[in-house]
Amino acid sequence: MTSPLQQKLKITGPVVVTANRLSDGAVVYRRVDGDWATALADATVTTSAAVAQELLAAAKSDRLRAVDPYVAPVKVAADGRVQPGNLRESIRSGGPTIELPATG
Amino acid sequence: MPLVKRGRIVADPYVRVVDDAPVADDVAVILPAARFLADAAELAQRAAPTGVLWPNDRRVADLAWLDRLALVALAFPSFRDGRAYSQARQLRERYGFGGELRATGDVLRDQFLFFIRAGFDSLEVRKDADAAAFAEAVGRYSVFYQPSADGRASTARQRLLPRPERNTAETAQAARSAAAFADSN
Amino acid sequence: MYLYDELDRTLVAERVGEFRDQVARRLSGELTEDEFKPLRLMNGVYLQLHAYMLRISIPYGTLSSEQLRMLAHVARRYDRGYGHFTTRQNIQFHWIKLEELPEAMADLASVGMHGMQTSGNNVRNITTDQWAGVATDEIEDPRVWAEVIRQHVTLHPEFSFMPRKFKIAVGASAHDRAALRIHDMALRLHRNGAGEAGFEVMVGGGLGRTPFLAKTIKPFLPQRDVLSYVEAVLRTYNQFGRRDNAWKARIKILVHDLGVEAFAKEVEAEWQSMKDGALALDPAVFAEIAARFRYPAYERLEDGPPALAQGRRADRRFDSWMGNAVANHKVPGYAIVTLSLKPQGGTPGDATAEQMQAIADLAERYSYGEIRVGHEQNLVLPHVAQRDLAALWRALDGLGLATPNVGLVSDIIACPGLDYCSLANTRSIPVAQEIASRFRNLDVARDLGRLHINISGCINACGHHHVGHIGILGVEKNDEEFYQITIGGRADEDARLGALIGPAVRYAEVADVVEDVVAAYLELRERPQETFPQVVQRTGIEPFKERVYAAR
């Protein structure tokens with residue numbers, strides 16, 4: 001049985017690799033330079049399964065900074081802006097869809 | 001894989017015997033369950049201690065010849081699989097097993113106290129660093145709510161010890177419910 | 001409520017120390033996430049969509065003002081100023097940082113609070129009825145027994161790595177306000193023919209992918225045997241519960257697969273071997289714990305002070321709240337007050353730090369410093385003198401905590417859903433808000449009578465949708481939010497699972513569907529007092545099905 005790190009990834013469009021930051025659980029996105037970004041706009045986006053595979057493998061071995069990385073779909077608009085690819089990723093990127101209780 | 005016994009890292013005098021390999025008369029051995037049960041009468045003649053590795057999905061009631069055993073090893077295939085804690089307590093508390101009770105498998109530091117409380121007195125520890133930290137790990141707690149196989153005083157027992165400075169005033173309702181319970185027992 | 005002694009406090013402090021060490025070892029890499037995850041779960045720490053979530057235990061839903069103030073502090077200092085009360089009488093904070101958790105836990109420990117066993121494959125918070133100790137129909141206070149059992153199962157060396165979680169509820173009245181039969185084990189205090197108090201023991205309830213109602217395995221267990229019997233059930237489960245499939249690992253599956261009789265026999269055999277051992281409950285041990293339950297020194301007051309009736313006549317809104325949120329108390333001159341956490345436009349079960357602080361102060365002034373959390377995600381002030389009700393209402397009204405919708409259609413029970421939870425398929429909060437908005441007219445809501453809507457964002461069923469009068473379950477289809485609707489569920493002593501009325505509907509349609517279901521109820525009921533579940537029982541689901549799906 002192939003290790004998950006070697007199993008072929010199948011992707012059907014642009015994707016990012018995302019995870020939660022270990023220290024505070026914040027949503028983070030993997031960059032090809034090895035860093036994690038908190039904004040989707042700063043994530044490395046790829047349409048190549050091989051690149052996604054590498055990003056994911058690198059993310060998984062970065063155990064001290066991020067937890068449970070996975071490949072998530074994105075949409076890229078004509079002007080190049082990157083948007084979350086489904087509702088779950090929209091909520092991860094933009095926060096809850098409801099108004100948070102007022103404080104103060 | 002360090003063996004921690006009674007709080008110290010020790011050499012393991014036992015040899016694990018696989019399947020039908022020959023068993024020398026003067027070597028302490030841990031046998032697979034099926035082998036032990038099949039050969040128990042014969043093994044009773046041995047001079048050296050005999051142990052068995054009992055699987056965690058078999059009732060300990062099936063472990064016959066318990067009085068012939070110097071050691072019972074129980075299995076934790078994953079630290080999340082807690083069946084052998086029940087087996088350990090039953091061996092100690094119901095069947096009165098007084099020999100060495102050993103935890104094997106995914107034996108990690110954060111469960112050391114659970115192992116000890118369940119009645120294990122030796123642990124085949126997976127990580128060296130964990131073995132070295134044994135005393136610290138089991139020293140973390142001084143309060144135990146429930147009685148278990150290790151004989152540590154539960155809070156119930158501790159609370160009933162006389163404490164002259166304790167304020168024993170009770171509310172009327174608490175006294176009534178306590179009296180009602182005592183009456184019905 | 002229960003007062004911690006030195007031993008209780010020490011245990012919590014030791015737990016904080018252990019967790020501090022575990023967090024440090026995780027952050028340093030000495031522990032992998034795989035090794036750390038069960039450890040943090042055993043302290044109520046989840047990793048959710050946006051952040052860590054901390055679930056804090058509120059044993060049998062009882063809080064002191066001091067503790068509620070500490071929760072307000074946690075909300076302000078470590079979170080985003082609010083918390084969420086859950087269907088298991090606990091509280092959750094959604095925006096926690098792992099690295100700040102040891103500090104937060106130390107703060108909580110200073111008032112005897114913790115997150116022990118609010119998650120993980122162990123025994124979870126033992127819940128009871130939010131009116132325990134003051135209800136007019138209970139035979140004794142179930143919380144004392146919940147505390148006895150709580151101590152027994154806390155950091156229990158044998159039952160910390162069971163096949164799955166184990167939820168226990170304790171009740172002491174014929175009318176079940178604690179949803180006993182949806183629990184893995186329920187203990188119902190009652191009297192036998194000889195007038196002795198003992199427990200009916202029910203096992204194998206649980207919702208989720210395969211919902212079951214608990215079945216009676218022992219009609220009458222003497223009180224002295226409760227710990228040994230609980231031990232026997234847990235041991236049987238620990239040894240024989242399935243571990244190969246997380247969806248089949250609860251005790252309900254074991255009970256179903258073995259059959260009730262065979263399961264009961266297995267437990268009985270185990271129990272017989274230990275019932276007269278160390279776990280036989282010594283009356284002195286019980287008395288010691290019972291003695292640390294403090295009850296108010298109630299004044300001798302008259303029921304129905306004249307000023308109260310006058311106040312009701314003078315103020316229609318106060319009168320409406322009195323008729324909805326105030327229940328009879330077993331002590332004359334007192335009342336049980338429910339604070340609705342379901343205001344229009346709010347998130348069901350949420351309270352801000354300011355509200356928590358204010359409620360703590362009001363509890364001190366009007367409720368002997370005690371607050372309760374109910375599984376319907378509302379709060380209760382259990383010891384309010386009737387003469388104080390008007391003043392209390394004015395204060396609550398100013399805080400947005402006096403919506404007179406308790407138990408009504410807009411008192412919706414909803415899990416956090418996909419807005420927060422990584423397990424969810426769909427959102428639940430905005431669905432609840434839209435439905436509540438359709439029924440914001442209180443006259444309409446009152447006319448409908450008791451009507452429980454339960455919403456779960458996924459099959460884990462934290463919203464208890466299976467036992468809602470109207471149950472709503474979020475499912476995902478092609479990355480779109482769809483919802484299955486069930487009707488006719490009940491969570492009380494006549495517990496039932498709801499029946500699916502048809503294919504799942506889209507997010508935008510759910511509120512319309514609920515309006516149709518409610519309209520059907522109004523047409524079908526034979527008189528205003530015939531409740532929604534009674535109608536469904538009488539007519540079956542067909543008429544509702546027709547109404548909802550005719551035009552869809």
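**Entry 1: the sheet in chain A**

I began with what counts as pairing: two strands pair if DSSP finds at least two bridges between them. Strands (E, at least two residues) and helices (H or I, at least four) are DSSP runs, numbered from the N terminus. Before going further I noted that this is a predicted model, in which local features need pLDDT of at least 70 and side-chain atom pairs count only at pLDDT 80 or more, while totals for chains, interfaces and linings use all residues. Residues are numbered from 1 along each chain as its sequence is written, and chains are lettered from A and ligands numbered from 1 in the order in which they are written.

Chain A holds an open sheet of five strands, ordered 3-2-1-4-5 with antiparallel pairing. I found strand 3 (36-37) and strand 5 (82-84) at its edges, each pairing on one side only. Strand 3 of chain A is joined to strand 2 (residues 27-30) by two bridges, in the antiparallel sense. Which residue of strand 3 is the bridge partner of A:Tyr29? I found A:Ala37 there.

**Entry 2: chain B on its own**

Next I counted elements in chain B and got seven helices and eight strands. I then checked burial, where a residue is buried if 20 or more other C-beta atoms lie within 10 Å of its own, exposed if 12 or fewer, and partly exposed in between, with C-beta atoms placed from the backbone. By that rule, 37% of the 185 residues of chain B are buried.

Is B:Ala41 buried or exposed? B:Ala41 is exposed, because it has 9 other C-beta atoms within 10 Å. I placed B:Ala41 in helix 1 (residues 33-43) of chain B. From B:Ala41 to B:Ala137 there are 96 residues along the chain, and their C-alpha atoms are separated by 41 Å.

For contacts I used C-beta atoms, placed from the backbone, that lie within 7 Å. Taking the contacts in chain B between residues at least 6 apart in sequence, I saw that 47% join residues at least 24 apart.

**Entry 3: chain C on its own**

Chain C has 18 helices and 20 strands. Of its 552 residues, 59% are buried. Among its contacts with a separation of 6 or more, 68% are between residues 24 or more positions apart.

I also checked the dimensions. The C-alpha trace spans about 60 × 60 × 55 Å along its principal axes.

Domain bounds here come from an automatic or database domain assignment. They divide chain C into domain 1 (6-57 + 78-109), domain 2 (142-291), domain 3 (306-399) and domain 4 (413-549). The centres of domain 3 and domain 4 of chain C, taken over C-alpha atoms, are 27 Å apart. Their contact takes eight residues from domain 3 and nine residues from domain 4.

**Entry 4: who touches whom**

Two pairs of chains are in contact, and chains B and C share the most contacts. Chains A and B do not touch, and their nearest C-alpha atoms are 19 Å apart.

Where B and C meet, 44 residues of chain C are in contact with 36 residues of chain B. Which helix of chain C gives the most to that side? My answer is helix 9, with eight residues. Other elements giving two or more residues include helix 1 (6-27) and helix 5 (142-153) of chain C.
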